[in-house]
Each structure stands twice: as structure tokens, then as C-alpha cells.
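Hi,

Here is the model I promised to send over. Have a look at it first, and then read on for what turned up.

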Amino acid sequence: MAPSDGPTARSNVEARYKVLLEAGRILTSTLSVEELYAALHEETAKVLSADNFSVSLYDQGRDLERVVFRVQDGAPQDVDLEFRGSDSEVIRSNHGVLVEDDAEKLTALARIEGGERACRSGIAAPLAHHGRVIGAVSVCSPEPDAYTSDDLALLQGIADVAAIAIDNALQFEEIERRRKEAERIEEIGRVLTSERDPNEVLGRVVEAVLDVLDVDGAAVWQRRGREDASGRITDSGGDIVIPVGTPWELADELEEALIAGRRPAIVDDIAASRLIPEHLREHLNGGSGIAVPIVVEDEVVGALVAGSRQPRDFGAEESAVLQRLARQASVALENARLHETLRALSLTDPLTGLPNRRRLQLHLEQEVAAARRGRPLTVVVFDIDNFKRVNDAEGHLVGDDILRSFAHVLVEENRAMNLVGRYGGDEFVSVLSDSDREGAKQYLARVQDRLESHAQLAPHDVSVSMGIAEFDSEEMQSVEELLSVADLDMYRIKAERRAQRASGTGTKA
């Protein structure tokens, strides 16, 4: 339809010009992207048939066109559609397109279809800003020849204004997202560095990945050793969960990237990738994944892993965020390990490696509390006879070796669930949980046999005095009372042995 030069034509031009001005005012004042798409449809519908309407955004780097807003038969629709952008004439040419009556061409052009009646005609205009195509806006009708070249020009005018508004809104949204992301990561960092348990740190890291990144699952993989590419999953969370303890030996390419190169590794198609073992793929059900190394004290100790159910292009942005979280995890793990080391040192005897007096006290308080509720508990105290004389005569190095060897005997002859500690000097305590006096006597017999045949102890004629105390809830209430009874039993035996030796009837115990 050729435009005329009469008053009606001028009136239409003026009316459409006013529409563009109003659309520009409304669109450029809207910062919410979702509200902007709805406003764009509303303004377009004032001057064009727009019961079937769509807005798509274009990612040039990935050649991906994604429909972000759609109206069908006048009603907004949930939409999740992606296409190759270079297949779109509008995106490819950066020019508007008019389809007068071609349903097949229109479907590919407008990325929409009529609901009850298929579209036969339509127009589409590129959303372009600073010479860069950022998307397209389209309308279509079930009637043929529903739009003219003037309509396309009007839609292009609206699209030109909308492109500026959309680009601004997307930038504002990105700035806000990054600000919130930075605040969240900073908050996560404070939480992580305040955590003292390495296992708790890993759980917090997984929660952080799920919170900050739009992923379906996250996990921590830890190496078995410094020279090892094998390891296991030590924490996992999200909708995609790999069971904790699942073994995973890295393929050569993953080992090269994560351990040797200390750089991110991305798997675009988990279902088809030979880099992911079969026993892991059965938990992941396809999709895409990304992993970054976790470095503690300049050693790669593991990897932080994130995954998506659907195929996805994990890019530089997701990689950077995951690396920031991995660095937070590294610092937190280093702090937690240092805390654990210091705590262990504060509770460990440096000479023998056994729990020290403080650790014994803490353990005994727990065991006495359980004994008050009816659980059997027996303790044995040991004192190396004449240790000072041996130490003075043969030297401190020999004395230290005797203490270490004796400690080793006590541990080896005890059950793994029980605790053996150095109480101080040449005194040791064995805590026998779920054991009575008869069980303690059997333990003492094993210790005595080992002393008489021990390669390091027997040549020095080492002997020990031992005392037993079985917890009695009617007679005892505290750790001190239990140990006092064991001490009295030991000193009683010492006294009896001295008396026997003085009368010439005693033998070495």
C-alpha cells in the first residue's frame, strides 16, 4: 500500500511519531529487564497487531539467539527456546524483514507461532545498539498481508529505542548481579575463614557454589597424595549429588589442566566425554561441568566442581567466580588445617606422640560421664620402675628411647577404640572402655610379656608398676577419684614388691 501525501498521511505520521516518543520515554525509564519486555509489548500493541509477539537476545560470541519474552494469542507464555543466531535473517543481516504470506518462513523469522491459528504474515526488526545486534523483536498474525512496510518501519523505530533501553537494563542488571555476587563471596569468605573444622569448610564451599552460581550441583574432589591423580569426592550438594566417598581418578587431560597447569577444566558434554568415568556419569545424567583446582600451601589438594543438567557453555565469567570461591576455600582449609595442627600439638605429647595429660583429662571426663550411665570403664596406670636411675646412668637419649618404646607397646597391645596417654614423666594411663578388671588384667599380662622380650626394653631390664581402677558409680563421681584409686593400687603393689625384696622372697614382676 503506497502512502499518500494528504492530511490523513501526515496525521498518521504525527500519531506514530508521538507513539515513538512515548515508547522511548517509557522504555528508557524502565530498568527491570522483565518489566521492560512487557512494556515493549504494550507499546507495540498500541500501534500494531501484536497478539503474537516475541523478543529474543543474541549472544554473538556463541552465535546463540535466545527467546526471552513471548506473547501468544494475547497471553504471556513461559519460554525457554534457543537457536543458532546466524540462521536468522534479521540477526544475520541487521535489517528488518516483512513476510506477507509464508507461514514456514515466518516461524523461522519471528520465533513464534500462533496458538489456535498459525501465523501467516509478520514483521521482525533487529535490536541494534552501537552497530551491534543484541536481539530481535517480532510480531505476527494469522491473517495474510496484515503488515505493511510502514508497519515494519514503525516496529524498527520502536526496536531502535528498545535496544538502547534493553542494553542499559542488561548492563544495570549485570552490575547489580556482580555487586551482589561480590558481597556474597565476601560474606562467604568471612564464614569460611572463621570455620575451624576442615570437613565443615568443604560443606560450606559446596553451599557457596550453589548459592552464587546458577548450577544444579557442586562437589569437592580431593587427591589421595602429592603425586597422585586419584582421589575421591569428599563433599557434594545440589540436585545433582555424587555420593561422598566416590572414587575418581582424573583422566590425563584433566590431570594436566587441574594439577599440572592449575587452570580450569570444562567438559561441554558429560554424557559423551571420555574424560568422565562411567561410574560418575551414571550420577550426572549428562549436561556440562567445570572444575577448578584447590591449592593449599602451593600444592593442588583437590578440585572444586560445578555442573549443570542441561548442556551449557561454561565461560570465563563462571570460571572466574568458581576460582574466587576455590581461593576462599584454599585459605579456609589452610586456616582450618593449621588450627587442627595447633590443637593436636596442644593435646599431644611431643616425645611419644601419645595424647598428653590434658587430652587424657578431656577423654576421661567423657568416659566417666558414660560410666555414670552404666557403661563399664577401667583405667590402668603405669610407672616405669627406677626410670630416673636408668636415665641418669645411660643418658637422656636412652631414656627417651625407653619412653617411646614403652608407649608403643601400650598402644599395640590395646584395642583401637581405647586411649593410651602419657600422664607425665614416666607415668602412662590406659583407658579401657567397655572393660572390667578381668579385661584389664589380660591387657596387663600382654604388656608384661612384651616387655620381657622387647628388643629395646629387655636389654635395659625395664620393669613397670601397674595399678587398676574399675569405675564404681556408688563410690566415685569424678576423673580424679578414678585415677586416685588406680594410683593407690599401683603404690600398694610397689610396697608389696619392696617388702618381698627386703625379705628375699620377691621376684621381678
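Asp 383 sits in strand S14, residues 377-384 (helices, H or I of at least four residues, and strands, E of at least two, are DSSP runs numbered from the N terminus). Asp 383 is buried, at a relative accessible area of 10%; buried means under 20%, exposed over 50%, and partly exposed in between, with a 1.4 Å probe and protein chains only. Leaving out residues up to four places away in sequence, Asp 383 touches Asp 426, Glu 427, Ser 463, Val 464, Ser 465, Met 490 and Lys 494, where contact means heavy atoms within 4.5 Å. Met 466 is 83 residues away from Asp 383 along the chain, yet their C-alpha atoms are separated by 6.5 Å.

A word on the source: this is a predicted model, in which local features need pLDDT of at least 70 and side-chain atom pairs count only at pLDDT 80 or more, while totals for chains, interfaces and linings use all residues. Residues are numbered from 1 along each chain as its sequence is written, and side-chain values use heavy atoms, with hydrogens and water left out.

Another buried spot is Leu 457, with a relative accessible area of 0%. Leu 457 belongs to the loop between helix H13 (437-453) and strand S17 (464-470). Its contacts, apart from neighbours within four places in sequence, are Ile 402, Ser 405, Phe 406, Val 409, Leu 451 and Val 462. Between Leu 457 and Leu 403 there are 9.4 Å, C-alpha to C-alpha, and 54 residues in sequence.

Now the helices. Helix H10 (residues 357-372) packs with helix H14 (residues 479-503) at an angle of about 100°, the axes being 9 Å apart. The axes are lines fitted to C-alpha atoms, for helices over the stretch in contact, and the angles run from 0 to 180 degrees between N-to-C directions. So H10 is roughly perpendicular to H14 (65 to 115 degrees; under 35 is roughly parallel, over 145 roughly antiparallel, and the rest oblique). Gln 361, Leu 364, Glu 365 and Val 368 come from H10, and they meet Val 479, Glu 480, Leu 482 and Leu 483 of H14.

In helix H7 (residues 252-260), the buried residues are Leu 254, Ala 257, Leu 258 and Ile 259. They are on the same side of H7 because they cover an arc of only 165° around the axis, the arc being that of the directions from the helix axis to the C-beta atoms. Asp 252 and Ala 260 are exposed on the other side of H7. What do the buried residues of H7 pack against? Their partners are strands S8 (217-223), S10 (247-249), S11 (265-267), S12 (288-296) and S13 (299-308).

Most residues other than glycine have a negative phi. Arg 262 lies in the loop between H7 and S11 and is partly exposed, with a relative accessible area of 36%. Asp 73 also has a positive phi, near 55°. Its loop runs between strand S2 (64-72) and strand S3 (75-77), and Asp 73 is partly exposed at 42% relative accessible area.

Finally, the whole chain: the protein chain has 14 helices and 17 strands, and 46% of its 509 residues are buried.

Cheers
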